[in-house]
Amino acid sequence: MADKEKAKKQVPLRLSASLYEELARWAEDEFRSVNGQIEYLLTEAVRRRKKKPPEE
């Protein structure tokens, strides 16, 4: 199972040029690659969603 958790999936992603440029600037500010920044942001979003109590 540990190998499965470390394995990376490749996902094609289309972004507008303006969104890509914003992500690139943000990534540079945080010393990450654009890919690393996208992965970080998605990981944080999933983590926050898991913490959020279910809505009734």
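## Salt bridges

A salt bridge is a side-chain nitrogen of Lys or Arg within 4 Å of a carboxyl oxygen of Asp or Glu. By this criterion, the structure holds four salt bridges. This is a predicted model, in which local features need pLDDT of at least 70 and side-chain atom pairs count only at pLDDT 80 or more, while totals for chains, interfaces and linings use all residues. Residues are numbered from 1 along each chain as its sequence is written, and side-chain values use heavy atoms, with hydrogens and water left out.

One of the salt bridges joins Lys 8 to Glu 39, with the closest N and O atoms 2.8 Å apart. Lys 8 lies in the loop between helix H1 (2–6) and H2, and Glu 39 lies in helix H3, so the pair ties together parts that are 31 residues apart in sequence. Helices (H or I, at least four residues) are DSSP runs, numbered from the N terminus. Lys 8 is exposed, at 60% relative accessibility, whereas Glu 39 is partly exposed, at 35%. For these classes, buried means under 20% relative accessible area, exposed over 50%, and partly exposed in between (1.4 Å probe, protein chains only).

Glu 44 is buried, with 18% relative accessibility, while Arg 47 is partly exposed, with 35%.

A further salt bridge links the side chains of Arg 32 and Glu 30, at 2.3 Å from N to O. Arg 32 is partly exposed, with a relative accessible area of 30%, and Glu 30 is partly exposed at 34%. Phe 31 has a positive phi of about 55°, although it is not a glycine. This residue, Phe 31, is placed in the loop between H2 and helix H3 (34–51), and it counts as exposed at 79% relative accessibility.

## The largest pocket

The largest pocket has a volume of about 370 Å³. A pocket is found on a 1 Å grid over the protein atoms alone, as an open set of points where a 1.4 Å probe fits, with protein on both sides within 12 Å along at least five of seven lines; lining residues have an atom within 4 Å of a point. Grid points are joined across faces, edges and corners, and the volume is the space filled by probe spheres set on the points.

The lining consists of Lys 8, Lys 9, Gln 10, Val 11, Leu 13, Asn 35, Ile 38, Glu 39 and Leu 42. Lys 8 and Glu 39, which are part of this lining, are partners in a salt bridge.

## A nonpolar surface patch

Leu 13, Leu 15, Leu 19 and Tyr 20 make a nonpolar surface patch of about 350 Å². Patches are made of residues with over 30% relative accessible area and no salt bridge, nonpolar side chains (Val, Leu, Ile, Met, Phe, Trp, Tyr) being joined within 5 Å. Accessible areas come from the Shrake-Rupley method with a 1.4 Å probe.

Definitions and conventions: Patches are made of residues with over 30% relative accessible area and no salt bridge: like charges are joined within 9 Å, nonpolar side chains (Val, Leu, Ile, Met, Phe, Trp, Tyr) within 5 Å. Helices (H or I, at least four residues) and strands (E, at least two) are DSSP runs, numbered from the N terminus.
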